[in-house]
Amino acid sequence: MTGMGTKWLAGAVLGLPLSIALCTLAIVWLPGGWESGVIGALLFCLPLWAVIISLSVLFPTSARAWAVLAAANAVSFGVLWLPRLMVS
């Protein structure tokens, strides 16, 4: 599998956790707490994942797609864990 197949696979595999992390980041700091926005985040997560998959085929190489999406996941989940690390 080369070319677009592996770019699409990168978007599918790494796009789901990225979309979950981005939707979580969007609701964490809501005034009413995360409980007030969890349904909206769940509804927005799947379309965001589809967008990430679609955009992943635009990378020039599959290695670049895997690297950028992995880095985006690391940053997103790092930002989510930052408050926990600061409290400890």
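Reader: Which residues make up the largest nonpolar core here?

Author: In this predicted model, the largest nonpolar core has 12 residues: Ala10, Leu14, Leu18, Cys23, Ile27, Ala41, Cys45, Leu48, Ile52, Phe59, Ala65 and Leu69. Helix H1 (4-28), helix H2 (38-56) and H3 each supply at least two residues of this core.

Reader: Which helix gives the largest share of this core?

Author: That is H1, with 5 residues.

Reader: Let me pick one member. Is Ala65 buried or exposed?

Author: Start from the cut-off: a residue is called buried when its relative accessible area is under 20%. Ala65 has a value of 0%, so Ala65 is buried. You will find Ala65 in helix H3, which covers residues 62-87.

Reader: What is Ala65 in contact with, leaving aside neighbours within four places in sequence?

Author: Its partners are Lys7, Ala10, Ser56 and Phe59.

Reader: How about Leu48? Which residues does Leu48 contact beyond its neighbours within four places in sequence?

Author: Leu48 is in contact with Ser19, Leu22 and Cys23.

Reader: Now a serine. Where is Ser76, and is Ser76 buried or exposed?

Author: Ser76 sits in helix H3 and is buried, with a relative accessible area of 7%. A polar atom of its side chain lies 2.8 Å from the backbone oxygen of Ala72. Not counting residues up to four places away in sequence, Ser76 touches Leu18, Ala21, Leu22 and Leu25.

Reader: One last thing. Where does UniProt place the feature "transmembrane region"?

Author: The unreviewed UniProt entry places this feature at residues 6-30, 37-59 and 65-82. You can then compare such a record with the model. Residues 37-59 are 83% helix and 0% strand, with end C-alpha atoms 32 Å apart. For residues 65-82, the span is 100% helix and 0% strand, and the end C-alpha atoms lie 25 Å apart.

Definitions and conventions. Residues numbered from 1 in each chain as written. Predicted model: local features only at pLDDT ≥ 70, side-chain atom pairs only at ≥ 80, totals over all residues. Heavy atoms only, no water. Helix = DSSP H or I, 4+ residues; strand = E, 2+ residues; numbered from the N terminus. Buried < 20%, exposed > 50% of the residue type's maximum accessible area, 1.4 Å probe, protein only. Contact = heavy atoms within 4.5 Å. Polar contact = N/O pair within 3.5 Å; in protein donor to acceptor, adjacent residues only side chain to side chain. Core = buried A, V, L, I, M, F, W, Y, C linked by side-chain atoms within 4.5 Å. UniProt positions renumbered as here; feature names shortened; annotations may be inferred.
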